[in-house]
Amino acid sequence: MDEDYDIVALHDAAAAAEAGRFVTTDPKSSALRVAPGSTVHALRTKDGATVGVGVATIARPPRFAGTPVYRYALALGPSVRSAAAARRAVARAFRDLAERAPRDAAHPAGVFFPIDPEVLVADDRACVWDEAPFVYAGKDPDGRPLRIAWFEGARIARGIA
Amino acid sequence: MSAESDATLTLVEVFERVDEALGREIAAFWVEHGALASEEGLVRARQVAFVARRADGRIAAVCTAYLDDVPALGMRLFHFRTFVAAAHRRTDLARSMIHATFELLERRYVSGVDRRSPGMFLVLENRDVQQTRDECIWPTTRLVYVGSTADGRPCRVRYFRGATIPA
């Protein structure tokens with residue numbers, strides 16, 4: 001099943017609607033929120049069913065001293081819920097965002113992924129993922145593992161770090 | 001002391017092999033350049049991984065690699081630090097020392113000789129370098145920005161090939 005979906009970038013009302021439909025059918029994704037300006041990725045099977053949703057929202061986490069990043073949240077349906085599927089989905093989202101992100105200080109410099117334990121299971125032990133350059137960046141105060149992948153050529157917010 | 005190019009400098013690996021005589025020479029180098037006091041230098045000399053020597057045999061730079069906790073990452077990492085004598089600061093010496101030290105530590109990790117830590121960590125102290133080397137991923141050394149200290153110093157890490165997060 002893991003190989004049988006594609007990832008589709010959605011925009012605007014369609015994105016919110018798609019995410020909203022998925023959230024209402026999968027209680028494990030209830031933490032997913034689509035804010036204005038979010039980029040939404042839908043994981044779709046060949047027959048068009050949505051089996052997962054990822055949401056990228058621009059944030060400036062204090063730990064990166066104000067450098068803007070996409071904060072990524074991911075919800076996977078039961079048919080694709082595994083650490084490997086999550087890594088693949090986020091890696092593909094990273095490539096999509098990297099291709100579209102302008103390289104200047106005002107735009108996100110990378111993708112920050114606080115990992116919900118419902119999404120990635122305990123076997124996520126690699127310091128760097130094979131699928132994309134997500135490196136382990138510690139845990140947040142809630143104990144969620146954190147991953148960061150920077151876009152090539154991106155820079156730390158000037159004068160802050 | 002005159003400036004020399006990187007080509008005339010020789011990097012000598014001394015990781016965990018610093019004897020008393022070399023320790024005194026390194027401490028004297030730090031004292032001569034105002035980097036450390038003698039007593040502290042003798043202690044820190046044991047952490048030296050590479051010594052860069054000029055053609056005349058004198059020390060031009062040293063770098064240290066020592067294991068310590070990184071609370072923000074929840075693991076122990078090899079902390080990298082370097083000191084380059086003023087006459088050599090416009091060369092690529094510091095970068096060469098980062099490369100050499102990382103390759104040494106990674107080789108030891110991958111071969112199983114030393115698996116105490118999954119990577120190398122660096123806190124960038126130099127304010128000028130903080131402004132000029134602000135890439136999230138340093139292009140040649142591949143050290144990745146993972147956050148800043150409370151007082152704003154950028155922290156970077158590079159994990160060894162195949163490294164796993166310690167349990």
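The contact draws 26 residues from chain A and 26 residues from chain B, where contact means heavy atoms within 4.5 Å. This is a predicted model, in which local features need pLDDT of at least 70, side-chain atom pairs count only at pLDDT 80 or more, and totals for chains, interfaces and linings use all residues. Residues are numbered from 1 along each chain as its sequence is written, chains are lettered from A and ligands numbered from 1 in the order in which they are written, and side-chain values use heavy atoms, with hydrogens and water left out.

Chain A and chain B bury about 2100 Å² between them, 57% of it on carbon and sulfur atoms. Buried area is the accessible area (1.4 Å probe) that two parts lose on being put together, summed over both. A:R125, A:W150 and A:I156 supply 28% of what chain A buries against chain B, more than any other three residues.

Polar links also cross this interface. There are 11 residue pairs in polar contact between chain A and chain B, both residues at pLDDT 80 or more. A polar contact is a pair of N or O atoms within 3.5 Å; within protein, one must be able to donate a hydrogen and the other to accept it, and residues adjacent in sequence count only if both atoms are side-chain atoms. On the side of chain A that touches chain B, β6(A) gives the most, with five residues. Strands (E, at least two residues) and helices (H or I, at least four) are DSSP runs, numbered from the N terminus.

Salt bridges come next. The rule asks for a side-chain nitrogen of Lys or Arg within 4 Å of a carboxyl oxygen of Asp or Glu. Two salt bridges are listed here:

| Salt bridge | N to O distance |
|---|---|
| A:E152 and B:R142 | 2.6 Å |
| A:D6 and A:R92 | 2.9 Å |

A:D6 lies in strand β1 of chain A and A:R92 in helix α2 of chain A, so the pair ties together parts that are 86 residues apart in sequence.

What about the largest pocket? A pocket is an open set of points on a 1 Å grid over the protein atoms alone, where a 1.4 Å probe fits, with protein on both sides within 12 Å along at least five of seven lines; lining residues have an atom within 4 Å of a point. The largest pocket holds about 1000 Å³ of space. Of its 31 lining residues, the closest to the centre are B:T82, B:V84, B:A94, B:N126 and B:V129. β4(B) gives the most to this lining, with five residues.

Terms used
Grid points are joined across faces, edges and corners, and a volume is the space filled by probe spheres set on the points.
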